[in-house]
Amino acid sequence: MTTAADTVLATRGLAKAFGGLQVFSGINFALQRGECHAVIGPNGAGKSTFVALLTGLLAPSAGQILLDGQDITRQPPAQRVAAGLVRTFQINTLFPSLTPLQSLVLALCQRDGLQQPSLRALARQHAQIDEAADLLARFGLHGCADMSTGSLAYGQQRLLEVALACALKPRVLLLDEPAAGLTTEQGHALLEQVTTLAAGTTLLFIEHDMGLVFRFAQRVTVLAGGALIAQGSPDAIRSDAAVRAAYLGH
């Protein structure tokens, strides 16, 4: 049995409309501390809108968003990141001309509240350089630390994006279709690395690949028809008649 203290991220009566188009309403969602949780649903179910609301890129029409019990509904995205709610995107948002090491050092300087240094001044940020090197080693990217990010393989770029998010020491890490653009084998390898390397961090990921969902998620939330229609273990979701009808197709 879970309690309020076990819940790290929650929504109460969350709703979003664009003009006369109601994307969803009355969403009551709870993310448990330390779990790996997937959000699934058919196209147009509002999955990306839901994450955009959680991270502050969109404002809700109604309802609340709570992080560790604190109301963050009206906080801007940067304030939510500082509070520990960090997102990676379906399409990576890296700077292709920077090296992985430079990108990580800049992210660490931002996290530590340091004035963003010029690229020339990065070499003087010794503590951040050491931490960045450790992160690159953890994610298997130490061999390409000084290569331009744009020259990395796509899977390496996705790993770097997750490493950048982990550098901010998030309480909750949101992954928007982490396997997008990868083969099935690459997608499974990526999620295997992320769930291992980010152990202890609460993970929330949007994914359409049911193989990934049922392999890695401890709990699953299903959005369909503008509502949250189910939330539970992968086995419970797999056997839920409403889920099969709305999403799994049988």
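**Entry 1**

I started with Lys169, which lies in the loop between H5 and E7; helices (H or I, at least four residues) and strands (E, at least two) are DSSP runs, numbered from the N terminus. This is a predicted model, where local features need pLDDT of at least 70 and side-chain atom pairs count only at pLDDT 80 or more, while totals for chains, interfaces and linings use all residues. Residues are numbered from 1 along each chain as its sequence is written, and side-chain values use heavy atoms, with hydrogens and water left out.

I looked up the backbone of Lys169 and found phi near 50°, a positive value in a residue other than glycine. Is Lys169 buried or exposed? Lys169 counts as exposed because its relative accessibility is 60%; the cut-offs are under 20% relative accessible area for buried, over 50% for exposed, and partly exposed in between (1.4 Å probe, protein chains only).

Then I checked Glu177, which sits in the loop between E7 and H6. Glu177 also has a positive phi without being glycine, near 45°. Glu177 has a relative accessible area of 13%, so I noted it as buried.

**Entry 2: helix H5**

Next I went back to H5 itself. H5 has 14 residues and reaches 20 Å from its first C-alpha to its last, close to the 20 Å expected at 1.5 Å a residue; the expected span is 1.5 Å times one less than the number of residues.

How many residues of H5 are buried? I got 11 of its 14 residues, so I wrote the helix down as mostly covered. Among the buried ones are Gln157, Arg158, Leu160 and Cys166. The cover over these buried residues includes E6, H3, H4, E7 and helix H6 (184-197); contact here means heavy atoms within 4.5 Å.

Leu160 counts as buried because its relative accessibility is 0%. Which residues does Leu160 touch, not counting residues up to four places away in sequence? My list is Leu94, Pro100, Leu104, Leu136, Leu141, Thr149 and Leu152. I also looked up Gly140, 20 residues from Leu160 in sequence and 9.5 Å away in space, C-alpha to C-alpha.

**Entry 3: helix H3 and the cores**

H3 (residues 100-111) was next. With 12 residues at 1.5 Å each, H3 should span 16 Å, and its end C-alpha atoms are 16 Å apart, which agrees. Its buried residues include Pro100, Leu104 and Leu108, and the buried residues of H3 pack against helix H4 (126-138) and helix H5 (154-167). Just after H3, I noted that Gly113 takes a positive phi of about 75°.

I then looked up the nonpolar cores, meaning sets of buried Ala, Val, Leu, Ile, Met, Phe, Trp, Tyr and Cys residues joined through side-chain atoms within 4.5 Å. The largest core has 50 residues, and Leu104, Phe139, Leu160, Leu173, Phe205, Val213 and Ile237 have the most contacts inside it. H5 gives the most to this core, with eight residues. Apart from it lies another core of 23 residues, among them Leu14, Ile65, Leu85 and Val172.

**Entry 4: the sheet**

In what order do the six strands of the open sheet run? I read E6-E7-E8-E3-E9-E10, with mixed pairing; two strands pair if DSSP finds at least two bridges between them. The edge strands, each pairing on one side only, are E6 (85-88) and E10 (227-232). From one strand to the next the twist averages 20°.

Helix H1 (residues 47-55) lies across E3, E6, E7, E8 and E9, running at about 140° to E6; axes are lines fitted to C-alpha atoms, for helices over the stretch in contact, and angles run from 0 to 180 degrees between N-to-C directions.

**Entry 5: Thr202**

My last stop was Thr202 in strand E8. Thr202 is buried, with a relative accessible area of 2%. What does the side chain of Thr202 reach? I found the backbone nitrogen of Gly34, at 2.7 Å. Leaving aside neighbours within four places in sequence, the contacts of Thr202 include Val8, Leu31, Arg171 and Leu173.

Note on methods: A polar contact is a pair of N or O atoms within 3.5 Å; within protein, one must be able to donate a hydrogen and the other to accept it, and residues adjacent in sequence count only if both atoms are side-chain atoms.
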